[in-house]
Amino acid sequence: MDWLPGAASSYAADLDRIFYVILAITGLIFVGVQVALVYFIIKYRGRKGRQASYVEGSTKAEVIWTVIPAVIIVGIAVASQTVWSEIKDPNHFPTDALEVNVEARQFAWAFTYPGADGELGTDDDYIRYNQMHVPVNRPVVFNLTSVDVVHSFFVPAFRIKQDAVPGMNLRAWFEATEVGEYELACAELCGVAHGLMKGKIIVLSEDEFQSWAAEQS
Ligand SMILES: [Cu+2]
């Protein structure tokens, strides 16, 4: 059973595993609650001659239903900490990455590449719109910003979603593991053409990427 879009990044499998574990825990609790609800509805239904009783509360029950969820939530947080910091903590970003600037605006994506010298902010940088070419099996770190409103960089196949906020430079990364074309969608309602704010991530083999990059410069 696979409900999620095909995974194509280095950390996708770890994230999916966490997703399914959380789904199993919350799913079991959901089913248990519904079964109990139906049971009590039937057991304590109104019947002739039965008196209602007044319940003031139970400290014991309140402690139990507070402590158990708290323990579960803390457990989930601890168990997912390693994956979280691998993906979100800038101190853990890969160092040998291709670095690209990503600028979101109503309603397009602009990708600035470092050019032949491998450094951003120099004369040979070049910009491409709505199509982001990246090499396979190489980490890509991107510096994300927005020129107008809040947008969100979302590539379902890579399991990456990062808000783009005007005035802020938010960094994120991914490593594509399969050659192909993947949908990039804006995941933050950003105006009338939000639904059209789509891009493509084109993952090329290292050789293809090198020759693509050479053509752009
Ligand atoms: Cu947008």
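1. Asparagine 137 is placed in the loop that joins β4 to β5 (139–146). In this predicted model, asparagine 137 has a positive phi of about 55°, although it is not a glycine. Asparagine 130 sits in the loop between β3 (126–129) and β4 (131–135). With a relative accessibility of 28%, asparagine 130 counts as partly exposed.

2. Strand β4 also holds histidine 133. Is histidine 133 buried or exposed? Its relative accessible area is 11%, so histidine 133 is buried, the cut-off being under 20%. Leaving aside neighbours within four places in sequence, histidine 133 is in contact with Tyr113, Ile202, Leu204, Phe209 and Trp212.

3. The backbone has a further feature to note at the peptide bond from glutamine 106 to phenylalanine 107. This bond is cis, with omega near 5°. Phenylalanine 107 has its place in the loop between β1 and β2.

4. Strand β2 (residues 108–113) includes threonine 112. At 17% relative accessibility, threonine 112 counts as buried. Not counting residues up to four places away in sequence, threonine 112 touches Val100, Asn101, Leu120, Asp125, Tyr126 and Ile127.

5. How is the protein chain divided into domains? The domain assignment gives domain 1 (12–90) and domain 2 (94–216). The centres of domain 1 and domain 2, taken over C-alpha atoms, are separated by 39 Å. Contact between the two involves six residues of domain 1 and five residues of domain 2.

6. Alanine 12 belongs to helix α1. At 0% relative accessibility, alanine 12 counts as buried. Residues up to four places away in sequence being left out, alanine 12 touches Ala7, Ala157 and Arg159. The C-alpha atoms of alanine 12 and phenylalanine 174 are separated by 9.5 Å, while the two residues are 162 residues apart along the chain.

7. The largest pocket holds about 390 Å³ of space. Its lining is made of 13 residues, and those nearest its centre are Leu15, Ile18, Trp84, Ile87 and Arg159. The elements that give two or more residues to this lining are α1 (12–43), α2 (59–88) and β7 (160–164). Of the elements, α2 gives the most, with five residues.

8. By class, the lining of the largest pocket has eight nonpolar residues, one polar residue and four charged residues.

9. A total of 16 residues line the second largest pocket, and the closest to its centre are Leu98, Pro114, Gly115, Gly118 and Phe209. Two or more residues of the lining come from each of β1 (98–105) and α3 (206–216). Which element gives the most to the lining of the second largest pocket? The answer is α3, with four residues. The classes in the lining of the second largest pocket are 10 nonpolar, four polar and two charged residues. Phe209, one of the residues closest to the centre of this pocket, is also in contact with histidine 133.

10. The last point concerns cysteines. A disulfide is a covalent bond between the sulfur atoms of two cysteines. In this model the count comes to zero disulfides. Cysteine 186 has a relative accessibility of 7% and so counts as buried. Cysteine 190 likewise counts as buried, at 5% relative accessibility.

Note on methods
Residues numbered from 1 in each chain as written. Predicted model: local features only at pLDDT ≥ 70, side-chain atom pairs only at ≥ 80, totals over all residues. Heavy atoms only, no water. 1 Å grid on protein atoms, 1.4 Å probe; cavity = no way out; pocket = protein on both sides within 12 Å on 5 of 7 lines; lining within 4 Å. Points joined across faces, edges and corners; volume = space filled by probe spheres on them. Nonpolar A, V, L, I, M, F, W, Y, C, P; charged D, E, K, R; others polar. Disulfide = S-S within 2.5 Å. Buried < 20%, exposed > 50% of the residue type's maximum accessible area, 1.4 Å probe, protein only. Domains from an automatic or database assignment. Contact = heavy atoms within 4.5 Å.
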